[in-house]
Amino acid sequence: MTRARTIDGRFLSRVLESVETSLLVVDEAGEVVFANGTAEDLVGYSPELLTDTSVGELFAAQHDDPMATVRETAQLTGRTVRLVHRDGNPVSTRLEVGTTEHEGTRYFTLSFVDSGPVASQELTGTKELLRGVFEESNDGLLVVDPETDRILDCNGRASNLLGLGRDELLSRPSSDVLPHDPESLVKFAETGRQVTCELGCCTDSDDRPTVEITLSLLSLEQHRRVLVHLRDITERREREARLRRRSEAMDAASDGIAILDEDLELVYVNQAHADVYGYESPSVLIGESWERLYSADEAKRFRWEVLPTVHEEGTWRGDATGQRVDGSKFSQVVSISQVDDGGYICVVHDVSDQRRQSKRLELLNEASRELSRATTKAAVARVGTETAQQLLRTDIVCVRLFDEGTQSLEPVAMTEAASELVESRVAFDLKSTLAGRSYRSGEPVVDRLDPNDPFRETPLWGSFHLPLGDYGTLTVLLDVEENLSETDIHLAKSLAETVTAEFDRAEREQELRESEKTVRQQRDRLTSLNRVNELLQDLIRELIEAPTREELEGRLCERLAETDRYQGAWLAETDVTGDWRVLKASAGLTEEYRTLVEHLPLEQVDDGVVTRAVETGEFSVSRTYRTNGNDTANAAVIKDAEVKSTAAVPLRYGDRLYGVLVLKADAPDAFEAEVESGLAVLGDTVGFAIHAVENRQLLLSDEVVELEFEVTDERCLAVAVSAELDCYAAIEQAVLTRNGDHLCYLQVDGTDPEAAATATADAPAVAECRIVDEDDDGCLLEVLKTESGAEAMMDAGATIRTATADEGVGTLVVEAPPSADIREVVDRYTARNPESSLVAKREVDRSARTTASVRDRLDERLTEKQQSALTAAYYGGYYDWPRGSTAEELAESLDVASATLHQHLRKAERKLLAAILED
């Protein structure tokens, strides 16, 4: 059979097997393409034997052309025909025919209903046999004399259906009981017409059954009689109505509903289901695999995880990702239930918009929390700008506040794209006229530009302006192809209302901070800090000039201990193994306290104040109260107690903790909040000074100690990449980012660039990697690392000069000043890279590069036009902020085009940087 017949057979076998009527489907040639199980009861052939046979084999010989009978019956409401049972006996039945088309082919649906006695048949046989058949029939039977309009006979089933006793039925005219007059009954019986209606005299109650009436003509003793068959079809009609209502409900449902067969092929799809996947009509999907609506991975998950659950529990509900006809993905909630025939009912609800909306509401809620923490109007404006950018998915956003002095809206917060736009187009003002209209009216203003407008700006932007109360406006620029939905506008209004409320709050808080009480408190704090600041300023000046770290640390402790504010000072630092060692430098300590510090674990000294500073990296204080010769850490109930305090000040620079400064004092206010900020500044300054001293020794020394390491540890980036690809790798340059990460450039030769990028991305501590240049032999990669060996060298006062590797064996050259602790440098590097060894140590002279040599090198590289452009830009204030001259003004002065000027400047700037940075 063809595929169309296979699909129809599967569908009909599920839907029609339960139908009590015998059904056959034949094509125009009379070939049977489908038969239900009930047909076997009628003609004795199974559906398998009937399929692909000619329907003519089932009709009796009196039907010369069975297909002609079928086509004629299709034009009528039905007729009585004679079939031949498999055992050879004739079968009289009523035939109804319907037609349909599938893929251009016409099909006939034959419905056979047992119609009882054959039309015009002479009743023969014994009276006893006839009466037995008559009385025991499941259908109601009436014998009507059309000439006298009388009911001549009836069985008990007819009495039950009509709600009348036998005697009453036989005494009443047939036209009182039946819906047609006698002449009509005869006419209908002659044509074999079937009549179905609700009889008005069925019962005395309101529950009247629906009765199907079939009429046949009988000949009894030369008189015509009409045999009336009455069949109660109330339950069938109710079932059909329920199915019809259910189908209508499924068709009208807002959720997508589909019915699948056991092979996951779609046999029913409502319009909502087609719409959610982007198909114009459900018919496109009928007969297709359900899995085409999902990606391969999602379909695999359904087969191996979801459907087994459905088989066990009968149903499953969960999240999934659908795939529309255009290939786009969307979030959905799916409910799958298994039906008795092995198929499935699938209900799909598209939740992509709902989840997208939920995320945007979460963003708005998070923005509200962040706005509530902003302490100034500028901070509120910045958060509002960033939130609008994410909320409306656009790059150009600006918040402007009204300036009473200039009587204009002044930008206070802009996205990066907005700043670039204003900077590149000086005359552009982010649609200030429309923003002013929104500010004055207090209503949002939406400007949607017509792309066909000949006076439009280039590039083309629409705009959306929201008032922020009396404070200013929020402006969003939109590409002409971008549209704001009602949801977008509603969320933007909510954000604007929140920003306005937070402006009110920030303004009130600022007024409170500027109140007289706040000013007095600040004045008191400043007075208390003056004494400390004078000391700290003197210390800072001295420490910056210290030639060595030892001298810096010693001078720090001595100067602090000399004051009447502190009784002693000492430093705790780590050794090369990372263990803390105390008393690196000290002054003013008693022998008793010094002994205590030297012998006790650090966490037990002064109630663990030093340990807390090390662990938190923050200023820490411990106070002990002495009364009657007893020490206690709790003075809540102690009056007139002597206070002894110990403060631990971290000495930091960047992420590195160089040590902890410990100060002893007995003044109650020695370490109050006012003093704490000053000591924190001192700690940062000392950390910076230590860092500067260590690096100054390396930078200013004409002689350096050069250490060469052989490295096979794959935590070294060059080693890892060269070992993976059996190639050559070298780190060209490395810089430290604001976040403390390490940005380096890795040259890889002898391998494919994509392979080099993949191997680099998989190397330890690599966060990001991209190809910036490539040639026939290799490529240059930009690599962002979260940690680096350069960090360990910087901590020891050294720097990495070169780092190369060939086929997994690396060579690392490190420079250190002569005063550096070489053992510490070696230990720090090998501690991080254990599979490394020092193979050479050399003292070398480092040639100095003078300004003149750089200038000579630059003069050789720059063309005359590039020198002119660079000089004009520098002296014209192009590199100042705000700029003294724009690029257009410089180009006009040099009598060149603006694009030409930018080209000269870019080339000159690159050559200038190359002269400084390249070896």
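This short talk covers the nonpolar cores and salt bridges of one predicted model.

Ground rules. Numbering runs from 1 along each chain as its sequence is written, and side-chain values use heavy atoms, without hydrogens or water. As the model is predicted, local features need pLDDT of at least 70 and side-chain atom pairs pLDDT 80 or more, while totals for chains, interfaces and linings use all residues.

Cores, then. The largest nonpolar core has 36 residues. Such a core is a set of buried Ala, Val, Leu, Ile, Met, Phe, Trp, Tyr and Cys residues joined through side-chain atoms within 4.5 Å. Buried is under 20% relative accessible area, exposed over 50%, partly exposed in between, with a 1.4 Å probe on protein chains only. Leu707, Phe709 and Val814 are among the residues with the most contacts inside this core. Helix α23, residues 717-725, gives the largest share, six residues. Helices are DSSP runs of H or I, at least four residues; strands are E, at least two; both are numbered from the N terminus.

A second, separate core has 30 residues, including Val399 and Leu466.

Now salt bridges: 23 in the structure. The cut-off is a Lys or Arg side-chain nitrogen within 4 Å of an Asp or Glu carboxyl oxygen.

Which residue forms a salt bridge with Glu706? Arg842, with the closest N and O atoms 2.9 Å apart. Arg842 sits in strand β36 and Glu706 in strand β29, 136 residues apart. Glu706 is buried at 16%; Arg842 is partly exposed at 29%.

Arg555 and Glu551 pair at 2.5 Å, N to O. Both lie in helix α19, four residues apart, so about one helical turn separates them.

Last, Glu366, Arg369 and Arg373 form a salt-bridge network.
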